[in-house]
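Here's a quick tour for anyone meeting this structure for the first time. Have a look at the model, then read on.

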Amino acid sequence: IHDLTKAIVDEYMINLIEKKGVSVSTQNTAINAIKFYLEQVHKGERTFYYVDRPVKDKLLPSVLSEEEIQKLFWAAQNIKHRCILFLLYSAGLRISELLNLKWKDVDEYRMIIYIRGGKGRKDRISLLSKLALDYLKHYTALYEPKEWLFEGPGGGQYSARSVNHFIHKYCHLAGITRHASAHTLRHSFATHLLERGTDLRYIQTLLGHESSRTTERY
């Protein structure tokens, strides 16, 4: 470690960027780790290295059209899977928020869904569509979940990996060629609301975005 010079670190970072083509996040992680180790653990001097802190890529969210959303839903013959798809889309949920739902969070009288401990540990409410509620009642009568609204075959929470797996499968069956995931349904929810003239501030509240800049990507 005592032979590690600034030139070696600079060369390593150039190698990561130009030869390995790593992402901005990986670049930031690498330089932060090196600086922490040299400056904090080994009490070295604060040093500026070759890589100026890269700005994280700002990618436009992937969105499905309303027609593609319909095709995706009809491709899902499994009632549990269709319920999950409906809630992700019609309430604009993050996948972690969906998997943390319990039946008590579904208010069929006020037609809202309580999202507890969302991103940033903040509670909020979102929309409960009539169609989603109908599917939910049918699903719960068949599956009788014990604790979580959506549970795996052996009990416990359903896995995010399983959700994305069947979304990819149904996209293939529906002839949807673009990449889609659980988060794509949330993006599509926001985009379709915006296209129908919904106020951006209202969409921000439904999505649970702390900053309006995040919502403005749509």
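Predicted model: local features only at pLDDT ≥ 70, side-chain atom pairs only at ≥ 80, totals over all residues.

## A helix under cover

Start with α4, where Ile79, Lys80, His81, Arg82, Cys83, Ile84, Leu85, Phe86, Leu87, Leu88, Tyr89 and Ser90 are buried.

How far apart are the end C-alpha atoms of α4? They sit 16 Å apart, and that agrees with the 16 Å that 12 residues should span at 1.5 Å a residue.

## Its partner, α3

Two packed helices are described by the angle between their axes and the distance between the axes. Here, α3 (residues 66-75) packs with α4 (residues 79-90) at an angle of about 155°, and their axes are 9 Å apart. Angles over 145 degrees count as roughly antiparallel, which makes α3 roughly antiparallel to α4. The crossing of these helices, α3 and α4, is left-handed.

Who does the touching? On the α3 side, the contact is made by Ile69, Leu72, Phe73 and Trp74, while α4 brings Arg82, Leu85, Phe86 and Tyr89. Sort the residues of this contact and you get 7 nonpolar, 1 charged and no polar.

## The chain as a whole

Now zoom out. The chain has 10 helices and 3 strands, and along the sequence they follow the pattern α-α-α-α-α-β-β-β-α-α-α-α-α.

The chain runs to 218 residues, and 43% of them count as buried. Among contacts in the chain with a separation of 6 or more, 58% come from residues 24 or more positions apart.

Notes: Residues numbered from 1 in each chain as written. Heavy atoms only, no water. Axes fitted to C-alpha atoms, helices over the stretch in contact; angles between N-to-C directions. Helix = DSSP H or I, 4+ residues; strand = E, 2+ residues; numbered from the N terminus. Parallel < 35°, antiparallel > 145°, perpendicular 65-115°, else oblique. Left-handed = near helix turned anticlockwise from the far one by under 90°. Contact = heavy atoms within 4.5 Å. Nonpolar A, V, L, I, M, F, W, Y, C, P; charged D, E, K, R; others polar. Expected span 1.5 Å × (residues − 1). Buried < 20%, exposed > 50% of the residue type's maximum accessible area, 1.4 Å probe, protein only.
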